[in-house]
Amino acid sequence: MRIEFVDIKDLTKDQMDFFYKIYSDSYLMDRSEFDSKTQSLDQYALYRSKEGRIIGYTGIRKRKILIDHTYYNTIYFGQAFILKEFRRSGINMRMGAYLCLKTKIFDPFTKIIFWMDALSYKPYLIYTSGFKHFYPSPDIEPSDEYIKIRDELGKVYYPESYDPKSGIVQKVYKILKNDELQISKKDLQNKYIQYYLKCNPEYYKGNGIIILCSGTLFNVLYFICQKGMIIVKRKIISILAFFAQKRKDENHQKNT
């Protein structure tokens with residue numbers, strides 16, 4: 001799979017039609033609002049299969065903010081969708097890591113913050129499964145720095161619906177379809193899903209919560225190591241399964 005970055009102004013009508021079609025499979029948003037939100041973005045990261053087929057995308061918006069005499073490059077991820085059969089590929093996380101490294105190369109002395117308005121626990125798990133430092137977290141107390149960044153983003157992008165006490169963005173109506181909001185008993189055993197529900201108890205009404213992730217080199221390298229270990233484990237399991245099957249076939253031939 002490969003990643004392609006396209007400026008919003010360069011998107012064609014056919015592409016927008018296709019993006020809305022697959023987006024509407026999971027979201028309750030009419031076309032005019034979809035187009036309006038798209039125009040507030042800077043880019044789309046397009047995800048393509050080996051055959052070149054678009055299997056998903058993520059909207060990206062960048063903004064440099066100043067808090068307490070410190071600049072931050074904030075990178076928003078939203079209006080995202082990946083076909084279900086590719087959601088475990090981690091391609092969106094690879095895109096985030098790449099974007100972080102690229103931003104750091106061109107602006108090495110400015111801190112980077114990734115963020116999203118998570119309407120369900122699923123986007124939250126993107127950060128919890130790959131990165132060490134993110135907020136809110138059940139493992140780390142939030143710093144004043146994170147809270148100030150969160151509140152600044154909330155006031156800028158959601159001035160009428162952001163609650164600074166909780167970090168919740170209240171929605172006028174539910175955007176996600178019910179299928180995307182379902183939580184199983186097995187899901188509830190996950191401590192991060194439990195914590196998401198604690199932080200955003202009325203998610204089922206459509207409310208989102210601002211999630212932040214530190215774009216430090218340590219965090220990105222931690223992600224790369226985590227994903228590298230997963231790939232190695234899968235390779236080992238695949239090799240062991242191959243030899244186990246080969247041995248089984250040989251024994252079967254001897255017996256016959």
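**Exercise 1.** List the residues in contact with F77, leaving aside its neighbours within four places in sequence.

*Solution.* Contact means heavy atoms within 4.5 Å. With neighbours within four places in sequence left aside, F77 is in contact with T58, G59, I60, M95, G96, L99, F114, W115, M116 and Y127. Take G96 from this list. F77 and G96 are 19 residues apart in sequence, and their C-alpha atoms are 8.8 Å apart in space. F77 belongs to strand 4; strands (E, at least two residues) and helices (H or I, at least four) are DSSP runs, numbered from the N terminus.

The model is predicted: local features need pLDDT of at least 70, side-chain atom pairs count only at pLDDT 80 or more, and totals for chains, interfaces and linings use all residues. Residues are numbered from 1 along each chain as its sequence is written, and side-chain values use heavy atoms, with hydrogens and water left out.

**Exercise 2.** Decide whether F77 is buried or exposed.

*Solution.* Buried means under 20% relative accessible area, exposed over 50%, and partly exposed in between (1.4 Å probe, protein chains only). The relative accessible area of F77 is 12%. F77 is therefore buried.

**Exercise 3.** Describe the surroundings of T74.

*Solution.* First, locate the residue: T74 is in strand 4, residues 70-82. Then list the contacts beyond four places in sequence: R61, K62, R63, I65, I113, W115 and L153. Last, the side chain of T74 comes to 2.6 Å from the backbone oxygen of R63.

**Exercise 4.** Classify the aromatic pair of F134 and Y192.

*Solution.* Rings of Phe, Tyr and Trp (its six-membered ring) pair if their centres lie within 6.5 Å; planes under 30 degrees apart count as stacked, over 60 as edge-to-face and the rest as tilted. The structure holds 17 aromatic pairs. F134 is buried at 7% relative accessible area, and Y192 is buried at 18%.

**Exercise 5.** Which ring does the charged end of R61 sit over?

*Solution.* A charge sits over a ring if NZ of Lys or CZ of Arg is within 6 Å of the ring centre and within 35 degrees of the ring normal. The charged end of R61 is over the ring of Y76, 4.4 Å from its centre.

Note on methods. Polar contact = N/O pair within 3.5 Å; in protein donor to acceptor, adjacent residues only side chain to side chain.
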